[in-house]
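Hi,

Here is the structure I said I would pass on. Have a look, and my notes follow below.

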Amino acid sequence: MAMANLARRKASFLTRNISPSPLRFSLSRGFSSSGSDENDVVIIGGGPGGYVAAIKAAQLGLKTTCIEKRGALGGTCLNVGCIPSKALLHSSHMYHEAKHVFANHGVKVSSVEVDLPAMLAQKDSAVKNLTRGIEGLFKKNKVNYVKGYGKFLSPSEVSVETNDGETTVVKGKHIIVATGSDVKSLPGITIDEKKIVSSTGALSLSEIPKKLIVIGAGYIGLEMGSVWGRLGSEVTVVEFASDIVPSMDGEIRKQFQRSLEKQKMKFMLKTKVVGVDSSGDGVKLIVEPAEGGEQTTLEADVVLVSAGRSPFTSGLDLDKIGVETDKVGRILVNERFSTNVSGVYAIGDVIPGPMLAHKAEEDGVACVEFIAGKHGHVDYDKVPGVVYTYPEVASVGKTEEQLKKEGVSYRVGKFPFMANSRAKAIDTAEGMVKILADKETDKILGVHIMSPNAGELIHEAVLAINYDASSEDIARVCHAHPTMSEAIKEAAMATYDKPIHM
């Protein structure tokens with residue numbers, strides 16, 4: 001079965017990659033700060049979707065200009081999102097380990113202190129180096145880079161108010177909107193980035209708050225709550241829904257919440273925020289049960305608003321050229337990322353689908369491949385998601401709840417890290433691997449992992465799902481011993497037969 005699948009996949013790969021491109025473009029063009037000459041492709045936005053699209057377009061021989069208002073490439077993800085948050089997650093985890101775990105491994109430290117300015121400086125240094133790295137990639141690939149705020153004059157023209165106060169017009173045969181998303185605001189709550197902060201402000205607090213309230217139990221709220229909780233904050237998470245991270249598999253979610261509670265994170269679920277008072281030294285948050293009832297006042301030094309994100313299309317003048325959007329402001333596109341206006345495309349957080357940096361990157365590559373006459377494809381059902389707490393939670397494909405709702409017959413295979421030799425050896429045995437497979441065909445439908453480095457482990461499952469592998473396919477692959485990834489093999493064995501080590 002595995003050999004037949006391999007032959008079929010090779011044939012599919014060859015079919016996808018031998019199609020000739022009907023378009024040809026010159027590879028010779030200069031790097032400049034303006035894009036006044038007509039381009040083959042113009043991208044508005046230099047985040048993960050935009051800058052990747054720009055580089056790929058240039059690699060395909062398209063004359064390309066990228067417009068970015070921030071003055072630093074990488075978008076929210078690199079500047080005030082994914083990258084700085086992971087830097088702080090790692091730094092705060094190192095501190096927590098030194099203070100609470102090192103002694104268990106025979107490493108005694110007489111005194112452990114937090115140097116917050118140094119921690120923030122390390123985070124800023126990582127961001128600066130990476131943004132400069134992208135500029136270097138633009139130069140290497142001869143992508144024109146315009147720093148400024150772009151808006152449509154027509155389907156083939158973008159007016160740019162540059163960051164140095166000038167105005168220029170950038171022309172393009174194909175224009176891609178890749179402006180990303182912004183923090184979703186809540187009625188009656190004004191974010192000042194001091195006492196009431198968004199994720200941006202939470203990355204740069206000048207001191208460790210004694211009490212931190214997080215509004216929203218999604219990926220970002222739990223990650224930032226973890227950072228400050230490890231550094232000493234008393235963290236309370238207020239969530240309107242009945243569960244944390246509602247998109248997560250239910251069994252994994254419950255185990256995940258118990259883990260965070262053991263780390264002293266408190267949860268108030270099915271709770272609604274009805275008022276806020278920041279006139280004093282701290283912040284007073286008035287909450288009540290989601291279904292109504294007696295109100296309670298919570299006090300904190302800082303409140304983090306993390307209730308999701310909204311597509312950022314403000315000031316683009318999309319209505320001027322007739323681009324259609326849905327009721328929440330997302331740009332509507334077809335399977336080739338084309339809007340209803342010829343020559344105008346959209347990718348990333350401004351269109352429907354997961355608001356994830358890696359999804360935006362895939363959008364960008366696929367979109368310019370279509371523009372260049374090639375084949376592009378993104379399957380949003382096979383995009384992995386990761387919560388970078390400790391332990392991490394990573395998933396791809398369907399949850400058990402989704403399969404039940406869809407009426408799909410399935411089998412479940414699970415393996416705990418308590419039975420994994422590498423996890424026991426390094427004393428990080430919390431969590432499990434859970435695999436869901438079709439009952440009749442054994443095709444893998446979903447994989448969910450809770451463990452340290454789950455975000456790295458999940459990619460074996462992502463590859464398997466993308467190539468329609470069965471649980472038996474994974475189970476019959478030799479995994480190095482001792483490794484954490486052996487838990488995936490054992491969970492796969494548990495799915496179609498029986499595991500060895502449990």
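Strand 2 (residues 64-68) and strand 3 (residues 144-154) run parallel, joined by four bridges; strands count as paired if DSSP finds at least two bridges between them. In that pairing Cys-66 sits opposite Tyr-145 of strand 3. Strand 3 also has six bridges to strand 4 (residues 157-162), this time antiparallel, and the two make a hairpin with two residues between them. Lys-151 faces Ser-159 of strand 4 there. Helices (H or I, at least four residues) and strands (E, at least two) are DSSP runs, numbered from the N terminus.

Before you go further: this is a predicted model, so local features need pLDDT of at least 70 and side-chain atom pairs pLDDT 80 or more, while totals for chains, interfaces and linings use all residues. Residues are numbered from 1 along each chain as its sequence is written, and side-chain values use heavy atoms, without hydrogens or water.

Now the rings. There are two aromatic pairs (Phe, Tyr or Trp ring centres within 6.5 Å, using the six-membered ring for Trp; planes under 30 degrees apart are stacked, over 60 edge-to-face, the rest tilted). Phe-138 and Tyr-145 are edge-to-face, at 5.8 Å centre to centre and 85° between planes. Phe-138 is buried at 0% relative accessible area, and Tyr-145 is buried at 5% (buried is under 20%, exposed over 50%, partly exposed in between; 1.4 Å probe, protein chains only). Phe-337 and Phe-370 have ring centres 6.5 Å apart and planes at 45°, so that pair is tilted. Both Phe-337 and Phe-370 are buried.

Cheers
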